[in-house]
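The notes are grouped by topic and can be followed with the structure in view.

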Amino acid sequence: MTGTGKVVLVTGASSGIGEATARRLAADGHRVYLGARRTDRLEELAGQITAESGTAAYQRLDVTSAEDVRAFVAAARERFGRVDVMVNNAGVMPLSPLEALKVDEWDRMLDVNVRGVLYGIAAALPVMTEQGGGHIVNTASVGAYEVSHSAAVYCATKFAVRAISEGLRQESAGDIRVSLISPGVTESELADSISDESAREAMKTYRSVAIPASAIADAIAYAIGQPAEVDVNEIVVRPAASAQ
């Protein structure tokens with residue numbers, strides 16, 4: 001497939017699901033453009049992909065800045081000539097009970113998990129519309145379907161991503177494909193941001209059974225790899241041993 005792949009932009013590409021997605025899609029022959037704040041990790045990842053005969057480039061990206069996201073999409077288009085797929089993957093998960101009143105962390109989740117997705121759509125959609133087609137892939141969570149203890153705000157952000165994705169699908173009339181990928185417990189750095197002690201301890205048990213990030217990358221690759229007339233709208237991927 002090398003040379004005929006799509007141009008795929010991935011946010012939150014410095015670790016976890018984003019990194020695994022970049023590796024999988026590059027191995028499939030797609031050209032990947034990577035965004036995250038940790039450019040040292042992006043540089044290393046892009047170098048490894050290139051060394052394995054893949055095509056990758058990167059740019060520092062803060063998804064909470066609409067200007068940053070517009071510049072990211074514009075740079076990818078300038079480098080590769082088009083934007084076929086936008087994977088809005090960046091996310092944070094600093095869980096805590098509402099009574100802990102961690103308002104700054106609530107704001108951060110809203111900024112990254114919701115505004116970051118909207119900014120990605122706002123930057124990529126005009127380019128895709130001009131091209132006559134494209135694919136928006138949004139990473140949500142099983143938290144888009146259920147609310148867990150200490151996760152009210154996090155789940156609210158993922159419910160929002162699910163609603164935004166469905167709204168975009170209905171508005172696109174087939175020109176823009178829309179996929180929502182909802183991981184269950186997955187190996188990642190998400191839980192590292194939990195500052196609340198009770199939520200951190202509960203998460204150790206919750207995350208005792210986890211699937212590798214590559215499993216989510218496989219789901220994204222599946223959605224992207226379908227024929228143009230096929231739109232895979234929602235995929236939920238959970239550990240087989242998990243009841244949640």
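This is a predicted model: local features need pLDDT of at least 70, side-chain atom pairs count only at pLDDT 80 or more; totals for chains, interfaces and linings use all residues.

Residues are numbered from 1 along each chain as its sequence is written, and side-chain values use heavy atoms, with hydrogens and water left out.

**The whole chain**

- The protein chain has seven helices and seven strands, where helices (H or I, at least four residues) and strands (E, at least two) are DSSP runs numbered from the N terminus.
- Read along the sequence, these elements follow the pattern β-α-β-α-β-α-β-α-β-α-β-α-α-β.
- Of the 244 residues in the protein chain, 49% are buried, a word that stands for under 20% relative accessible area, with exposed meaning over 50% and partly exposed in between (1.4 Å probe, protein chains only).
- Among contacts (heavy atoms within 4.5 Å) between residues at least 6 apart in sequence, 70% join residues at least 24 apart.

**Helix α7**

- Helix α7 has twelve residues (residues 213-224) and should span 16 Å at 1.5 Å a residue, which agrees with the 17 Å between its end C-alpha atoms; the expected span of a helix is 1.5 Å times one less than its number of residues.
- The buried residues of α7 are Ala 213, Ile 216, Ala 217, Ala 219, Ile 220, Ala 221, Ala 223 and Ile 224.
- What covers these buried residues includes the helix α1 (16-27) and the strands β1 (7-11), β4 (85-88), β5 (134-139), β6 (176-183) and β7 (234-237).

**Aromatic rings**

- Rings of Phe, Tyr and Trp (its six-membered ring) pair if their centres lie within 6.5 Å, and planes under 30 degrees apart count as stacked, over 60 as edge-to-face and the rest as tilted; by this rule there are two aromatic pairs.
- Tyr 33 and Phe 72 form a tilted pair, at 5.2 Å centre to centre with 40° between the planes, and this pair links distant parts of the chain, as Tyr 33 in strand β2 (residues 31-36) and Phe 72 in helix α3 (residues 66-80) are 39 residues apart.
- Tyr 33 is buried, with a relative accessible area of 5%, and Phe 72 also counts as buried, at 0% relative accessibility.
- Tyr 33, Phe 72 and Phe 80 form one aromatic cluster.
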